[in-house]
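Please examine the sequence and the structure before reading the solutions.

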Amino acid sequence: MIDGIPEDLDETLVRTPRESAALLLDRLVELGWTVAVAESLTGGLVVSSLVDVPGASRAVRGGVVAYATDLKHGVLGVDQALLDAHGAVNPRVARQMARGVRDVLGRDGIAADVGIATTGVAGPDEQDGQPVGTVHIAVSTPLGTRVDSLVIAGDRERIRRETAHLAIRRALAAL
């Protein structure tokens, strides 16, 4: 900390989703890295936020909306036994989604550098025994995978939009 300014000032400043997306893309381009996104709860909002930024094609490989549980296994490679035992709303599922999308959307046998994944319950009803607002966000890089589990208050739209914004911010923080 310098003169009362926290070292993670960029992380603590409130940003609009577009500003966060632009910062993430700038950092990815600076590193020469690519990003791939696996979404369930957010239904494409994360990758949409990224491609809304001009020049996104320099880093964005694409996104997979695996809304149905069977797609998490069939497309992203999430362990079926894990899904059977715990359902789709689980931090380990988010972790496997983030790792899996890196491979699925990689190129020429080389994984994308960053995988972002979201899973959770936006409502109106609970799912897999998890209450509305339960969210798991995973970010996978060559340095490892981190999962943040949280509860977001609000209606369906707010939960989904806040999750998408937080996913982008978590990815930025991982870089």
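A salt bridge is a side-chain nitrogen of Lys or Arg within 4 Å of a carboxyl oxygen of Asp or Glu. The model is predicted: local features need pLDDT of at least 70, side-chain atom pairs count only at pLDDT 80 or more, and totals for chains, interfaces and linings use all residues. Residues are numbered from 1 along each chain as its sequence is written, and side-chain values use heavy atoms, with hydrogens and water left out.

**Exercise 1.** Determine whether the partners in the salt bridge of Arg 107 and Asp 108 are buried or exposed.

*Solution.* Step 1: the N to O distance of this pair is 3.6 Å. Step 2: buried means under 20% relative accessible area, exposed over 50%, and partly exposed in between (1.4 Å probe, protein chains only). Step 3: Arg 107, at 56%, is exposed, and Asp 108, at 69%, is exposed.

**Exercise 2.** Identify the salt-bridge partners of Asp 148.

*Solution.* Step 1: Arg 146 has its closest N and O atoms with Asp 148 2.9 Å apart. Step 2: for Arg 170 and Asp 148 the corresponding distance is 2.8 Å. Step 3: shared partners join Arg 146, Asp 148 and Arg 170 into one network. Step 4: Asp 148 is buried at 12%, Arg 146 is exposed at 55%, and Arg 170 is partly exposed at 24%.

**Exercise 3.** Check the span of helix α6 (residues 91-104).

*Solution.* Step 1: helices are DSSP runs (H or I, at least four residues), numbered from the N terminus. Step 2: the expected span is 1.5 Å times one less than the number of residues. Step 3: for 14 residues this gives 20 Å, and the end C-alpha atoms are 20 Å apart, which agrees.

Methods. Helix = DSSP H or I, 4+ residues; strand = E, 2+ residues; numbered from the N terminus.
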